[in-house]
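Trainee: I have a structure open and would like to go through it. Can you take my questions one by one?

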Amino acid sequence: MSEESHQVTTLPVPDAPAGVRPRRISRKPTGGDAVFAHTFRAIGASVLVITGGIGVFLAYQSWPTFRHYGFSFLTETQWQPEADVLGIAAVLVGTLSVALVAMSFAFPLSLATALYISEYAPDRWKATLVSLVDLMAAVPSIVYGLWGFFLIQPHASGFAHVLHQHLGWIPIFSVGTDADAAVPDASRYTASAFVAGIAVAMMVLPMACAVMRQVFSQTPAGEKEAALALGATKWGMIRTVVLPFGKGGIIGGTMLGLGRALGETIAVLLIISPEFVIKPRILEIGTDTVSALIAGQFGEANGIQLSALLTAGFVLFLITLVVNTLAAIVVNRSRSGAETS
Amino acid sequence: MTVSAPVTEATDDPQPRTHLPASGQETPAPVPRAGLGAMPEQDRLVIWGSRLSAAALAWVITQRLLPTPGPAWFLVVFGAMNLLVLSVTTALTDDLVVVKDRIAQWLVSTGALVVFSALASTIFFVFHRGWHPLVHLNFYIHDMTGVGPSDPLDKGGILHAIVGSLIEIGIAVAITLPLGVGTAVFMTEVGGRFARVVRTVVEAMTALPSIVAGLFIYTTLIIALGVPRSGLAAGLAISVMMLPIIARASDVVLRVVPGGLREASLALGASRWKTVWHVVLPTARPGLATALILGIARGIGETSPVLITSGAAAFLVTDPSQGVMNSLPLYIFSTVRSGVPIAIERAFATASVLLILVLVLFVVARLLARPRK
């Protein structure tokens, strides 16, 4: 930068006597602005204290838990307050299995819905369909719980029986009963992680779908048209342009959904019958998740058991936090790509 | 081809020139335009024909050949047959690329159809199972005092649950609206390193499962401080759950307010508070309203924090600080758990009321978010 331009910016008075220095500009707010800044800083600080306080409180509560039960708290499967044996291994596995069942339904369906809305749907329906997906996200989870319990469970357990009959040799589809019995034991196929997962999928779906659709809609139109102009079919265009472009959104949206699925309580509590066993057999009755454990056990808990429940909640929170953070990183990375192209 | 001269007012020029359609003399286009968006007739025939034949095949297979009566298996077999017939018929005339395109289109549309019909089935099912109590007036203006689970539907109602839900969500909004929007203003308008810390923590806390928020209030307020299970505790639990959601959503909305508006206001001599109050917040008002209303819809339907903190009263309670209080989702949950058929019917009716409430909130949010004309 030349000397001249420097002079122009700093000296408003060209013939100022020597020794006069330009006024120093301070970014520090004064007067009313200072009051404004400090007031809102105080609000921000109080919210930080409230929200951060919960995290710290939960972390602090795990200290007595781990001192009392040791690290077997993470490996013990039983939750028997009478015998003073508490552990979250079984419920963690149950949480994961419900969430994975939910994702295996929600992932293909949300991908298809997002692709349909952004690529296939007629233009005049798009806004309505987007609103419908948002509405789906606003439906209370207890309603999906009722839907899963009363409408889906009879069909789902029938489907589970067929799966067991024909694919029972795969460990996750086996059920501890005779599949080909003349009168199959229908109750063995209800209240399972499979049925709960379907209800949870309904809650996860709109969230994942919204993220995916948003990323798909940012696909550069020029590249899509280029693919079509080169003679690609619609699917060829989607496969070579839309899907690679939206990869971040697909992964991120799925993980955001997974984060929600892990913490879902009331639909799971309504459907499953609690059982503290590490159970890979998702079609069979009985499983438990961390959040359903908390909802089911908090009433009788006191002292150390309450700490243990809070610790279970803290572990769940940490898992959700990691999943959500990874999702946010992936989604943000894909969006920053959209801005440059 | 010659380049025609610029069109002038003169009309008796013998040279060929651009045809200018005069207004009022609408002449039909000489050649009908080809509709590029529409599908060729043959493709439409293939699609509808394969649907028809798939339906016939599915009927034969499920209702005649296999012992699988009922609509569920029919739909599954119909789907599979449709895909099969569609790909075979397409393969007769076209190559593999087109077949793949057809299959992909079928899969994507069917997936979307499944999702939207699941949503429709949810709403329809809840209203279908719950409309009996809804036609009784007492369902809206009575509470469940002295009404047993198997009493007929002309006794008792859910007034206590409606009032309880409104009080609890009112407490939550009174807490989260100023704090959440205030935090968003701090994060976007004041800024600085501390604001980034707040933003990180608030975003992290959106991952807090709602049941853990309830358990936090239960442990600190009810066990440690001895506050009774009450509407106040439930409202606080909902606030803890909603606060990060509202703060984050408002932050997103405030961030997209154009910086030029702020700078114009500051350049005109307005103080920063005046800028926020008269420029930033009014600009973001529709977005803020949407964020708040969707937060309310989420909070009012959330069962798990309420389940732990409020207790379930069968009678009308209007004082949130005194004793147990019921709310709509909690009433649904506890009534369904009783297992009595007539009580389950009440639960479905309550779910319909809750669903209507959420639908109304949702529509209001949509209307507010619509760009002004």
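Predicted model: local features only at pLDDT ≥ 70, side-chain atom pairs only at ≥ 80, totals over all residues.

Trainee: OK. How many helices and strands does chain B have?

Mentor: Chain B has 14 helices and 0 strands. Read from the N terminus, its elements run α-α-α-α-α-α-α-α-α-α-α-α-α-α.

Trainee: What box do the C-alpha atoms fill?

Mentor: Roughly 95 × 80 × 40 Å along the principal axes, for the C-alpha atoms of chain B.

Trainee: What share of the residues counts as buried?

Mentor: In chain B, 45% of the 373 residues count as buried.

Trainee: What about the surface, how much of it belongs to carbon and sulfur atoms?

Mentor: The figure is 68%, out of an accessible surface of about 19,400 Å² for chain B.

Trainee: Contacts next. Of those between residues at least 6 apart in sequence, what share joins residues at least 24 apart?

Mentor: For chain B that share is 67%.

Trainee: Switching to charges: how far apart are the mean positions of the positive and negative ones?

Mentor: They are 8 Å apart in chain B, with 26 positive and 20 negative charges counted.

Trainee: Now the rings. How many aromatic pairs turn up over all chains?

Mentor: The search of the whole structure finds 17. One of them is B:Phe125 with B:Phe348, an edge-to-face pair at 5.4 Å centre to centre and 90° between the planes.

Trainee: Where do those two sit in the chain?

Mentor: B:Phe125 is in helix α3 (residues 96-134) and B:Phe348 is in helix α14 (residues 341-369), so far as chain B is concerned a link between distant parts, 223 residues apart. Both B:Phe125 and B:Phe348 are buried.

Trainee: Which other pair is edge-to-face?

Mentor: B:Phe139 and B:Tyr140 form one, at 5.7 Å centre to centre with 80° between the planes.

Trainee: Is B:Tyr140 buried or partly exposed?

Mentor: Partly exposed, with a relative accessible area of 31%. B:Phe139, on the other hand, has a relative accessible area of 0% and is buried.

Trainee: Last one: which residues do ring pairs link into a cluster?

Mentor: A:Phe36, A:Phe40, B:Trp273 and B:Trp277 are linked that way.

Conventions:
Residues numbered from 1 in each chain as written. Chains lettered and ligands numbered in written order. Heavy atoms only, no water. Helix = DSSP H or I, 4+ residues; strand = E, 2+ residues; numbered from the N terminus. Buried < 20%, exposed > 50% of the residue type's maximum accessible area, 1.4 Å probe, protein only. Contact = heavy atoms within 4.5 Å. Areas by Shrake-Rupley, 256 points an atom, 1.4 Å probe, with all protein chains shown as cover. Lys, Arg positive; Asp, Glu negative; His and termini not counted. Charge placed at Lys NZ, Arg CZ, Asp CG, Glu CD. Phe/Tyr/Trp six-rings, centres within 6.5 Å; stacked < 30°, edge-to-face > 60°.
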